[in-house]
Structure formats: C-alpha cells, structure tokens
Amino acid sequence: MKVRNDTKYGLLLGLVAILPVFAADVPGSKDPAGVKRYTGSEIIGYRAPKFDELVLPLGPPTDMYRPAYTKSLNVEGLISRYGYLAPEGRTPTELFRNYQLEFQRLGLVTLYQKAAGEPGWFGPTMGHVEDEDGLGQILSYNQDQERVLVAKTKDAQPTYYYCFVTAFRDGVIPDRLRPEMTKGRALAELIVITPQAMEQNMTLLNSEDMSKALGDSGKVALYGINFDTDKDTLRSDSEPTLKEIAKLLTTNPGLKIRVVGHTDNQGKSDYNLDLSRRRAAAVVHELNTKYGIAANRLDSFGCGLYAPAASNDSEDGRTKNRRVELVKW
C-alpha cells in the first residue's frame, strides 16, 4: 500500500476533515467520531469500540512492565483504538502539535501531557494496549521521541482521549507494513473511552459464570434480580436469573451462599439498609420455596448503600450499585 506524501500541507493545518474512504486504511476501520486525522495519515491499527476498562495515565510510569503511574485514573466504557502512520517526512513534533490543536478545537480539558525528552517511558505500558494488530513493538522502542496527551470532554459523564505519538526506531514490523515502516517514520495511537450504561449487559450471567466468579473472588454481582419500586416484591423478569442461581446450587450440592442486597445512595440510609435486607431475604425465600433449595444452604444480609461498586454521582454508577450479590459461605 502506498502512503500519500503531499508536501503542500503545512505544519499546523495537517488535521483535515474526515473523508469517507481511505484506500490504504485497515479494512473496516474508521476515524473516531468527530476527531480529524492528520492529512495523508493512514489507519494501520484499529480496534472497534467494545466495553472494557483501562488505567489512564495522569503522570509518568512507575513500572516498565505494567500500567502503573505516579497518578492515574481507572476508567471504563466503550474503548476504541486507532493506530496512524503519518506521511513520509513528517516529524513526531509536527504530528503531536496538530493533535494538541485538534484537542483544543474539540474543547477538551487536558489532564496530562508529556513532551519529548521528559521523564517517563510509556511505550511498554501503553503502546501495546490490546495489541491485536501487532503494533505493540513498533510503538514501544523509542523513549526519546514519545509524546503523550490525555484529555477529556467537559460532560458530566466525560469521554476520555489518550494520544501517544512516537517515531519508529526498532521492533518487529508486521508484514503488511513493509516496506513503509522506515526508521524515523512518525506514528500516532489514539485511544477513546466513551461512557456506556451497563445494565443490559450485566443481566446475562449464567450458572457457569456465577460459579467461576465465586471460585475466583468468592462473590458475584447480579443485575438481573429486580423488585417493585421501594418494595421487596420480586418482579417476574427476575426469574431467568433465579433459575440460574438454582441451577448453580443444584449442580454444586456442597455450595452454600449468602445473598447480599445493595442499594444506591438515594433516600435515607436507614431506609435503604432495611430495604436491602428485606430484598435479600425475599430472594432466599424464593429459592427455598419455589426452587427447592434447602434453607440451611442459604443466608441473607443487607448492606444498603454502605458497599458501593461505583460512584453514586452518576446514574450509571447508581445502576451498578443497585444489585444483589452472591457470596460464598
């Protein structure tokens, strides 16, 4: 594939409006929504958005072999990844400066920035994120040329952007990139994390999933058990999850569980604590009377708002906190 190299484009005007087709791009790839690409760049690595989590650096790395930093932020959401090869003759400085201007155009808030030569080597910790496309090594071996920019939108539930710019120096080159990957060729990786509600995806645990989680961590959070508002009455749409719990206990006759109720922080704490206890007891009663699980294998407890799984400052967080957990007894 041939890289476009048109010298009429200047240093600070390299990011242009997204065109519908770039023939040299990875098949099926596309630019992130609303973000312009540097003129003549091609997408050489692409990961479509999928729900995941990421340690976002807000300071220099403290460990060369894992994502650990002097300051960081754990984020989750729809994570997408874009690897760009800049045209011949463009420098990492030029490429990075254009991304700074693009982030300004988008009105993003800068959370962290590292210029070339400043402390920190991000290649080993971030350059291989979800390296399905073999770009990890060519992004990792040029500490002196690394530049990093981390920013977010001003929304209550922000979208996060991680921009990593370097120049190729060493590493195994994927066959599809030969002979274009010459020493000094500027590269950019852009990772975008957009928020997404979890509730629908969290209802899909089956008995095997539950068993694995109990074995791994001693507990499993369930989001498919639902109650009438402000009541301990189980709704009919809870039945699929209750059946999977019963299957879990039937196929593991030695297993005992505690059913633990959790709420968000809306309302008075004493009320939420009592409600969570009554709801947990209702699940135990249903498993005993309807599904025939022996009472001596079940226990119930309510934590109310006192053991959140996420921040209660957003609806997504409150949704994650309204849950029932099974705890290995």
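Are Tyr69 and Phe122 buried or exposed? Both Tyr69 and Phe122 are buried, where buried means under 20% relative accessible area, exposed over 50% and partly exposed in between, with a 1.4 Å probe and protein chains only. The legends below describe a predicted model, in which local features need pLDDT of at least 70, side-chain atom pairs count only at pLDDT 80 or more, and totals for chains, interfaces and linings use all residues. Residues are numbered from 1 along each chain as its sequence is written, and side-chain values use heavy atoms, with hydrogens and water left out.

**Figure 1. Overview of the predicted protein, with seven helices and twelve strands.** Helices (H or I, at least four residues) and strands (E, at least two) are DSSP runs, numbered from the N terminus. The protein has 329 residues, of which 47% count as buried. With contact meaning heavy atoms within 4.5 Å, residues 24 or more positions apart account for 70% of the contacts with a separation of 6 or more. The accessible surface, from the Shrake-Rupley method with a 1.4 Å probe and, for residues, with only the protein chains shown counting as cover, comes to about 16100 Å², and 51% of this surface belongs to carbon and sulfur atoms.

**Figure 2. An aromatic cluster formed by Tyr69, Tyr112 and Phe122.** Rings of Phe, Tyr and Trp (its six-membered ring) pair if their centres lie within 6.5 Å, and planes under 30 degrees apart count as stacked, over 60 as edge-to-face and the rest as tilted. By this rule, the structure holds five aromatic pairs. One of them is the stacked pair of Tyr69 and Phe122, at 5.9 Å centre to centre and with 15° between the planes. This pair links distant parts of the chain, 53 residues apart, since Tyr69 is in the loop between β3 (42–57) and β4 (72–85) and Phe122 in the loop between β5 (109–114) and α2 (123–126). Tyr112 and Phe122 form a tilted pair, with 6.0 Å centre to centre and 45° between the planes. Here the residues are ten apart, Tyr112 being in strand β5 and Phe122 in the loop between β5 and α2. Tyr112 is buried, as is Phe122.

**Figure 3. The salt bridge between Arg37 and Asp25, with 2.8 Å between the closest N and O atoms.** A salt bridge is a side-chain nitrogen of Lys or Arg within 4 Å of a carboxyl oxygen of Asp or Glu. Side chains of opposite charge can pair when their charged atoms come close. A search of the whole structure finds 17 salt bridges.

**Figure 4. Salt bridges of Glu76 with Lys320 and of Arg90 with Glu94.** The closest N and O atoms of Glu76 and Lys320 are 3.0 Å apart. Glu76 lies in strand β4 and Lys320 in helix α7 (residues 315–321), so the pair ties together parts that are 244 residues apart in sequence. Glu76 counts as partly exposed, at 36% relative accessibility, whereas Lys320, at 16% relative accessibility, counts as buried. The side chains of Arg90 and Glu94 meet at 3.5 Å, N to O, and both Arg90 and Glu94 are buried.

**Figure 5. Helix α6 (residues 269–289) and the elements packed against its buried residues.** The helix has 21 residues and reaches 30 Å from its first C-alpha to its last, close to the 30 Å expected at 1.5 Å a residue, the expected span being 1.5 Å times one less than the number of residues. Its buried residues, including Leu273, Ser276, Arg279 and Val283, pack against α5 (239–251), β10 (257–262) and β11 (298–304). Ser276, in helix α6, counts as buried at 1% relative accessibility. Leaving aside its neighbours within four places in sequence, Ser276 is in contact with Gly261, His262, Thr263, Phe301, Gly302, Cys303 and Gly304.

**Figure 6. Asp230, a residue with positive phi although it is not a glycine.** The phi of Asp230 is about 60°. Asp230 is found in the loop between β9 (219–222) and α5, and is partly exposed, with a relative accessible area of 48%.
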